[in-house]
Amino acid sequence: MSRIPTDKLNEIEQRFEQLNADMANPDVIADPDRYRKTAKSVVDLEDVVATFRRWKDLTSRYEQAKPMLTDPDPDMAEMARMELAEVEPEIPKVEEELQILLIPKDPNDFKDVILEIHAGAGGDEASLFAAEMLRMYTRYAELVGWKVEILDVSESGAGGYKSVSAIISGKKVYSIMKYEGGVHRVQRVPATEAQGRIHTSTVSVAVLPEADEVEVHIENKDLRIDTFCSSGPGGQSVNTTYSAVRITHIPTGVVVSMQDEKSQIKNREKAMRVLRSRLYELEMEKQNAALSSERKSMVGSGDRSEKIRTYNFKENRVTDHRIGLTLYRLQDILKGDLAEVSGALIQDERTRQLAAGEE
């Protein structure tokens, strides 16, 4: 059996039990922020504690059954062999699960995300595929029980999106959606192409962990807020009130515009959520730049200019270039069946993390 850090796991288990006790503490219940943080800590630890308890049960059964193999009573010896036959194959599996669970977590994994999709090269065809990608992510969210709220949309004349942003909220959204950031390439024959030539266009996707006010403090003096009339495709005004909002963060030059809501107050609230997330991302990029090259290669560059995936309609093919995964069921994936793709990406990262930890 491999070595398991039992001292560390016992400390985690004790911490978990204390947090559960705190959840019933009237002082904690009376403080919403403290209660929320305590509940989140319980969720963060429950998988590793449950797996550790399972490992302890299996190893205890193994240690009790092993000496009984030489029992002079043949019935007792047979019972021991049956017990060991059940327990021995399970122990290494549970130990591997524990090793994975003990890998340092991305602190953003439990966050909701700001999803931004932008049409790139390819004109109208790129904007149409941007709309298809939003549908793909929306359908995937429905399948796993997440909620999608559209923040802002800039439509193209062809019926697609020049850009669209949304909040996706639910359990561990960032832990899965973080792999979607980058350039997605589509290869297909556009409906307007008379000679059947395949066109290549691109869509860029940004996935930002949503930051709260505690993580990103923004001074009012650092903001310039402009209001204007919202506009539709081609720039035409769609209302005559100044409901659209543009917020500029003066120290960084980050600009966020929001016009989806008819209420200026709601547009401002949404714009501030996006601004906080973009500033949080900038801070993460600074931290990543200071990491060693080995660590950078393990966590990935997160570079939005990196081509990560190709969708080839003629071949019914989706290829993720980062891990060399190719699947021939493009239509299923566009309908939101992303489980196999995201699962392979998660497994690849875990494998590299485990290998790095063994060096």
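Predicted model: local features only at pLDDT ≥ 70, side-chain atom pairs only at ≥ 80, totals over all residues.
Me: Why is the pair of F129 and F313 called edge-to-face?
Reply: The planes of the two rings stand at 80°. Planes over 60 degrees apart count as edge-to-face. The ring centres are 6.5 Å apart, and the limit for a pair is within 6.5 Å. So F129 and F313 are an edge-to-face pair.

Me: What makes this pair a tie between parts of the chain?
Reply: F129 lies in helix 6 (residues 124-144). F313 lies in the loop between strand 9 (307-312) and strand 10 (317-320). The pair therefore ties together parts that are 184 residues apart in sequence.

Me: Is F129 buried or exposed, and how do you know?
Reply: Its relative accessibility is 0%. Buried means under 20%, so F129 counts as buried.

Me: Why is F313 called partly exposed?
Reply: F313 has 23% relative accessibility.

Me: Which residues form one aromatic cluster with F313?
Reply: F129 and Y311 form the cluster with F313.

Me: How do you know that the charged end of R188 sits over the ring of F313?
Reply: The charged end is 4.6 Å from the ring centre. The distance limit is within 6 Å, and the charge must also lie within 35 degrees of the ring normal. R188 is listed as sitting over the ring of F313.

Me: Why are helix 3 and helix 4 called roughly antiparallel?
Reply: The axes of helix 3 (residues 32-65) and helix 4 (residues 74-87) cross at roughly 150°. Angles over 145 count as roughly antiparallel, so the two helices get that label. Their axes come within 9 Å. The crossing is left-handed.

Me: What makes strand 6 and strand 8 edge strands?
Reply: Three strands form an open antiparallel sheet in the order 6-7-8. Strand 6 (223-228) and strand 8 (254-258) each have a single partner strand, so one side of each is left without a neighbour in the sheet. The twist averages 15° from one strand to the next.

Me: How do you know that strand 7 and strand 8 pair?
Reply: Five bridges join strand 7 (residues 244-249) to strand 8, in the antiparallel sense. Pairing needs at least two bridges. T248 stands opposite V255 in strand 8.

Me: What makes both faces of strand 10 covered?
Reply: R317 and T319 on one side are buried, and V318 and D320 on the other are buried as well.

Terms used
Residues numbered from 1 in each chain as written. Heavy atoms only, no water. Helix = DSSP H or I, 4+ residues; strand = E, 2+ residues; numbered from the N terminus. Axes fitted to C-alpha atoms, helices over the stretch in contact; angles between N-to-C directions. Phe/Tyr/Trp six-rings, centres within 6.5 Å; stacked < 30°, edge-to-face > 60°. Buried < 20%, exposed > 50% of the residue type's maximum accessible area, 1.4 Å probe, protein only. Parallel < 35°, antiparallel > 145°, perpendicular 65-115°, else oblique. Left-handed = near helix turned anticlockwise from the far one by under 90°.
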